[in-house]
Amino acid sequence: MQKIKSLMSRQGLKSPQESMADLSPVESLRIPSKEELRELREQPIDPQVEQEIIESIEEVYFSTDSFDMVQHELEKLPPELNLQELEEYRDKLKRQQAAVSKKVADLILEKQPAYVKELERVTALQANLQLAAVICTNARRQLSMSKEGFTEASLGLLSNQRRRQLLTGLLKSLRTIKTLQRTDVRLSEMLEEEDYPGAIQLCLECQKAASTFKHYSCISELNSKLQDTLEQIEEQLDVALSKTCKNFDVSHYTKVQLAYTLLGKTQTAMDQLHMHFTQAIHNTVFQVVLGYVELCAGNADTKFQKMQYKDLCTHITLDSYIPCLTDLCKALWEVMVSYHRTMQWHEEHDKHKATPTADSAAAAESDDSVVDRSYVKKKLEHGLTRIWQDVQLKVKAYILGTDMSNFKYDDFIVVLDVISRLMQVGEEFCGSKSEVLQESIKRQSVNYFKNYHRARLEELRMFLENETWELCPVKSNFNIAQLHEFKFMGQCRSPSVSPSRRSSTAPAQDELSLFQQYHQEGNPFEMHAENKEEETEDVLASNGYESDELEKNVYQDYDSDSDVPEELKQDYVDEQTGDVPLKSASRETIRSKKKSDYNLNKTNAPILTNTTLNVIRLVGKYMQMMNILKPIAFDVIHCVSQLFDYYLYAVYTFFGRNDMYESSGLGLISSRLRTTLNRIQESLIDMEAVAENAPVHGAAEDRKEKVPSPHLSQLVVLTNGGTLYGLAQRVVATESLVFLAEQFESLQSHLDTMMPAAKKPFLQQFYSQTVSTASELRKPIYWVVAAKAIDYEQMLLLMAGVKWDIREIMSQHNVYVDVLLKEFEEFNKRLQDVSRHVRIPLPVSNVLWEHCIRLANRTLVEGYANVKKCSNEGRALMQLDFQQFLMKLEKLTDLRPIPDKEFVETYIKAYYLTENDMEQFIKNHREYSMKQLANLVNVCLGSHINKKARQKLLAAIDDIDRPKR
């Protein structure tokens, strides 16, 4: 490699053989002779073989120039030398050297033209460098001559120019100082004009100028004065900022914000603003409440001004409570709307700042400005919750400062109305659910509602005890939606909005938020006089008929059925109750309906009393309160259920309680109804108050929740047979309860939406266990009438006088049948007399007839069971009597099938049963009494049952009776 470098450093080239002669003596030992090289060159060498020879050379030969190849080869020799191996190895090295030499020579010959060309370029470059050196030498010499020639002339000129500039600067400074001395007057004028940005700008410029000339002794005093002026401006600016908390003015606020921006105190301004809002809330509410307290006190006693706000709220009188609350909310609204408009100003300001302008340099904002805007935005958003929390706490203190338990209902609704509107404001203001307000108003509402409900229950008891159960005439189209108390249900809006007021604005405005509606002026808490005016109700009818034409139509409807649809002809459904009779009515049944539905002389107006109407109105008021304040929905619905419970219990106590129910065996009171009545008695009725002298055992708190059992008015007579034992009053009482239950059914969906999810099972249980049992009271109440209207004892006496052990088939029925039918005719007549005063709906007449017929049939069976001796002909006579009774009875009533018909027929036919059949009959027919079954066995003795069989059958009867003992 060293030899290649030495060859390239020469200007000419030598042949490889000539180059070999210049090698060092050491290296010449490794170089073959010319003859050997010639021999090697003459030998044709394949390039691939040549490349393989070169690759076979050891790597160490290519390492560094300081490598001693002779030393390397000598070290490789073995201890014992072999001449033949040495010669072979020498030949190998020669071949490798020849290949390398040939390869080097070939590369040198290949690069010779490029070498020559590059050498020429180097020579030309050397000539150019020599020329450049001459030029630089000449240039330096000329520059030195110019410097010496110009320096002396220029120094004089520069000295004069410098003196001139200094004098000009001094004149300018003197003029600036003169201007600074006159800035006080202008600053005062700008502050009076409330031009805070201009004043601050001027003051800052003056300060900057003064700091420039602080080396003058006259400026130090001016600088101190300017600093005092700036602090005074900041104080006035803070006062101006506080004014925006109540009456926000865009131009005023823009000036204030620009001034703080110039001061570089944007963040400080925002902190101050929130302090002012907090202070504004406190001062506002305090002044409003203080004004009302002093007005009601009638003197300007200074002790009120020193009170805490919470203590001051306790001095508000009941008369001034609502006006003060309204003014309080109005004042707080002004503060909140100012905050809302402040946020809007900053949003619009940020949008304007973010809009790119044509001049990109002007649009670029500094990092400090971005940080300020971000801080202001976060501060304002966080301030929403703080402001609303302060408002809630102030209103909470006012709400809880007065005991509202003695408020009138309408006044309390107004309070709820105002608070509900305030909570709506809070939701729109910051999305808050107003938990503080809800909790405080819930406490007052629960307290008020307990007292109110207690008073209403006492009032209901008084109504019931003075109720004469006369029909309250209402129009046939009467509906609870016509009552004022249920008007709120027709207004499709959120319960959070006050139900007693409705803005008379267009529907498009209703969709706007309160802050949008009252953005510029107005107040959502303004009490509009036109909204307080009540609409007139028109639910009462002037007389029994709403018109003479209607009376004619009532009869015409029964005279013709040509226009009755087929489905109505197939199955008559009572329009008033929705009950379907036990048997489908035929066309003749519809035509003869006037026999059983005693309401032809009255319209199908609902049957209700003044007390019923009062309860319905009360339910409307309760629901109205619940609609405004959902948190107490369960308490209200619980009280609503108590109103219904008490009414149901009173109707049952007045007209349905009788100890003969159990002995009748008719199952008049279902287990569900009995459970309901027991629950009402245990949870609602104060039984201890019934006994005047009874000691008080129960806890006072428990008794507070209960009401004494009502007593029927002495004006209501239930013992006169001429009036069917107060049937008119019973119908009015029972059907008014059924009507009340129907109204509750119609309200169920609305109540369900108000009820919290966890309490919905209570509502479902109330409807399934209590409301649905109202119609079941018909049976026990009308049973009393049915039991007394017919003289069943007389029938038993007449049946006892009949001889049944006859030997001839009789064709004439017995006299007791005619007497019984005459009793039924008289009952029918008295029913018609009662219906002239009170409409008797079809379900009522059906129940009455069913009771009478059941009692008559059971009396027949009892009479037949009293027979001591009876023949087959006697049994036939019993069947004849019963068939005569059924035939005449079907003409009196449309009730189908005749109740307990099989009860009588089965008993009569049982006389003909054999011993085995009789035993099976006794086991299967538990509806007959032990006496009736025993009589059946005794009468059959001798005819087709012997004494042994008689003993067996009586033992079977005794086995049936034993578990009952």
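This tour moves through the core, the aromatic pairs and the salt bridges of the structure above. The model is predicted, so local features need pLDDT of at least 70 and side-chain atom pairs count only at pLDDT 80 or more, while totals for chains, interfaces and linings use all residues. Residues are numbered from 1 along each chain as its sequence is written, and side-chain values use heavy atoms, with hydrogens and water left out.

**The nonpolar core**

Select Tyr321, Tyr398, Phe644, Leu727, Phe824, Tyr864 and Phe885, the residues with the most contacts inside the largest nonpolar core, which has 222 residues. Such a core is a set of buried Ala, Val, Leu, Ile, Met, Phe, Trp, Tyr and Cys residues joined through side-chain atoms within 4.5 Å. Buried here means under 20% relative accessible area, exposed over 50% and partly exposed in between, with a 1.4 Å probe and protein chains only.

Next, display helix H26 (residues 633-656), which supplies the largest share of this core, 16 residues. Helices (H or I, at least four residues) and strands (E, at least two) are DSSP runs, numbered from the N terminus.

Then centre on Phe885. Leaving aside neighbours within four places in sequence, Phe885 is in contact (heavy atoms within 4.5 Å) with Val817, Leu820, Leu821, Phe824, Ala856, Asn857 and Leu860.

**Aromatic pairs**

The whole structure contains 30 aromatic pairs. Rings of Phe, Tyr and Trp (its six-membered ring) pair if their centres lie within 6.5 Å; planes under 30 degrees apart count as stacked, over 60 as edge-to-face and the rest as tilted.

Select Trp469 and Phe654: with ring centres 6.2 Å apart and planes at 70 degrees, the pair is edge-to-face. Trp469 lies in the loop between helix H18 (435-466) and helix H19 (507-510) and Phe654 in helix H26, so the pair ties together parts that are 185 residues apart in sequence. Both Trp469 and Phe654 are buried.

Because Phe644 lies in helix H26 and Phe766 in helix H31 (residues 760-769), the pair ties together parts that are 122 residues apart in sequence. Phe644 is buried at 0% relative accessibility, and Phe766 is buried at 6%.

Now select Tyr409, Phe412, Tyr448, Phe449, Tyr452 and Tyr622, which ring pairs link into a cluster. Arg456 lies over the face of Tyr452, at 4.5 Å from the ring centre. A charge sits over a ring if NZ of Lys or CZ of Arg is within 6 Å of the ring centre and within 35 degrees of the ring normal. For another example, select Arg858, which lies over the face of Phe903 at 4.6 Å from the ring centre.

**Salt bridges**

There are 23 salt bridges in the structure, each a side-chain nitrogen of Lys or Arg within 4 Å of a carboxyl oxygen of Asp or Glu.

Return to Arg456, whose side chain meets that of Glu459 in a salt bridge (3.4 Å, N to O). The two residues are three apart in helix H18, about one helical turn. Arg456 is buried, with a relative accessible area of 16%, whereas Glu459 is partly exposed at 24%.

Further along, Glu465 and Arg461 form a salt bridge (3.3 Å, N to O). Both lie in helix H18, four residues apart. Colour Arg454, Glu458, Arg461 and Glu465 together, as a network of salt bridges links them.

Finally, select Arg672 and Glu776, whose closest N and O atoms are 2.4 Å apart in a salt bridge. Arg672 lies in helix H28 (residues 671-683) and Glu776 in the loop between H31 and helix H32 (778-789), so the pair ties together parts that are 104 residues apart in sequence. Arg672 is partly exposed, at 29% relative accessibility.
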